[in-house]
Amino acid sequence: MIVKFCGIRREEDVEYCNILNPTMIGLIFADSPRKVEKDTAKRLLAMKNPSIKSVGVFKNQTLSEVLSISKDLKLDFIQLHGNESIEFITYLKSQGFKIIKAVEVEKVNDIERSKIYKDIVDFILLDRPKGKEIDIVQLAKNADFDFIIAGGITPENVERYLALNPLGIDISSGIETNGFKDFNKMRAIVEKLTKIQGW
Ligand SMILES: O=C(O)c1ccccc1N[C@@H]1O[C@H](COP(=O)(O)O)[C@@H](O)[C@H]1O
């Protein structure tokens, strides 16, 4: 089970992750309150346990910006959250990057649409548009391919997402209090995973 803690932006966030050892940590380079600058990202990534994979999150940014940040930081994965074309993704793959393609799901059709990435990317991530209280678990039941799931996961509701049997879970706002990562919530996720799945 892949566990990704996303929106890491402070030294203490990395320290929490080094204790809890998620599979991946995500740093956001897209427009967001969680956005980090490249220099900050470099400092944070240098602090992480080497076993934790780094993910850079981008949304509708230029190829040269994505490439420059990803190469400089030697990112393990590039997560694309926007309308990036197949050519855009294929080019990044040709440069040796592993790709997580996030698809914002609002209706069953969006699940169908995400299938075009199946043989191109390393992981498909099903998420919901920010600010929309969509029941992504109900929609994701229609997926007949492997996926990582995100979108509103919290320590209280993670069981419902795990019941989908996803490749992984990706959590950002659900492990925050007042906009900052909260160690107790991060630990609560890991404890639930350990209890349910022996993670
Ligand atoms: O979190 C953001 O601010 C963000 C901004 C732009 C693109 C993606 C963003 N977050 C991604 O959303 C999912 C999980 O979100 P949540 O747990 O529902 O808050 C995760 O993949 C983040 O990378």
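Student: Before we start, how are residues numbered, and which pLDDT do local features need?

Tutor: Residues count from 1 along each chain as its sequence is written. As this is a predicted model, side-chain atom pairs count only at pLDDT 80 or more, totals for chains, interfaces and linings use all residues, and local features need pLDDT of at least 70.

Student: On strand β4, is Ile78 buried or exposed?

Tutor: Strands here are DSSP runs (E, at least two residues), and helices are runs of H or I, at least four, numbered from the N terminus. In a regular strand the side chains alternate between the two faces of the sheet. In β4 (residues 77-80), Phe77 and Gln79 sit on one side, with Ile78 and Leu80 on the other. Both faces are covered, and with 20 or more other C-beta atoms (placed from the backbone) within 10 Å of its own, Ile78 is buried.

Student: Which residue in β4 stands opposite valine 55?

Tutor: Strands pair if DSSP finds at least two bridges between them. β3 (residues 53-58) and β4 pair in the parallel sense, over four bridges. Opposite valine 55 is phenylalanine 77.

Student: Which helix lies on the way from β3 to β4?

Tutor: The crossover is right-handed, so the path over the helix runs clockwise with the strands pointing away from the viewer. That helix spans residues 63-73 and is α3.

Student: And which residue of β5 stands opposite leucine 80?

Tutor: β4 also runs parallel to β5 (residues 98-104), joined by four bridges. Leucine 80 faces lysine 101.

Technical notes
Buried ≥ 20, exposed ≤ 12 C-beta atoms within 10 Å, placed from the backbone.
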